[in-house]
Amino acid sequence: MLAAPDGGTIVTVSSVLGQLCAAGLADYSASKAGLSALHRSLEAELRQSGDEAKVKMVLVEPGQISTPLFESVQTPNRFFAPVLEPVQVAQAIVSAVDSGRGGVIRLPAFAILVNWYAVLPASVQRLARYLSGIDGAVAQASSKADRADSSSQQLQTELDHVKED
């Protein structure tokens, strides 16, 4: 990219969960936090090298996207944290790349405020987590999946018994 006459754009797709870290998603949250940190470090290195004008950096930190990974997770509050369609995020990325600007893309609206969460007192953070339901969403999805798995195993056992008879 540095050798190309027009430079280029590096797009890093992370998540607000890299900063909010929901219960039950330690691995996902840690990997997204790592991506965001890697992005910011690379951005600082480009700035230090003087190549920031040539290589644009776009960090994407969306909320929940309607993908198979989160299809069983019910968003606790669709008004404040609506589930995004992948095309919405893709359009924002393409728009940023086409405009030639770098920066941070956070969708939906609540994601713009995620940096402020870290400066809140711990008691206010706990209250916000409780009111948002963030820590229970994955647990509910897991218990539903476990019940569905158990039901399908029971059905299979019954079918096996019917076949034996």
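Buried here means under 20% relative accessible area, exposed means over 50%, and partly exposed is in between (1.4 Å probe, protein chains only). The model is predicted, so local features need pLDDT of at least 70 and side-chain atom pairs count only at pLDDT 80 or more, while totals for chains, interfaces and linings use all residues. Residues are numbered from 1 along each chain as its sequence is written, and side-chain values use heavy atoms, with hydrogens and water left out.

View 1. R106 sits in the loop between strand 3 (103-105) and helix 4; helices (H or I, at least four residues) and strands (E, at least two) are DSSP runs, numbered from the N terminus. R106 counts as buried because its relative accessibility is 13%. Its side chain makes polar contacts with the side chains of E61, at 2.7 Å, and N115, at 3.4 Å. (A polar contact is a pair of N or O atoms within 3.5 Å; within protein, one must be able to donate a hydrogen and the other to accept it, and residues adjacent in sequence count only if both atoms are side-chain atoms.) Not counting residues up to four places away in sequence, R106 also touches others, including Q19, R40 and V114, where contact means heavy atoms within 4.5 Å.

**View 2. The other end of the pair, E61.** Look for E61 in the loop between strand 2 (55-60) and helix 3 (86-99). With 0% relative accessibility, E61 counts as buried. Leaving aside neighbours within four places in sequence, the contacts of E61 include S14, S36, R40, L107 and A111.

**View 3. Helix 2 and what covers it.** The 24 residues of helix 2 (residues 26-49) should span 34 Å at 1.5 Å a residue, and the end C-alpha atoms are 34 Å apart, which agrees; the expected span is 1.5 Å times one less than the number of residues. Buried residues in helix 2 are Y28, S29, K32, S36, H39 and L46. Their cover includes strand 1 (8-13), helix 1 (17-20) and strand 2.

**View 4. Inside the largest pocket.** A pocket, on a 1 Å grid over the protein atoms alone, is an open set of points where a 1.4 Å probe fits, with protein on both sides within 12 Å along at least five of seven lines; lining residues have an atom within 4 Å of a point. The lining has 38 residues, with L20, A81, F110, S132 and I134 nearest the centre. Helix 5 gives the most to this lining, with four residues.
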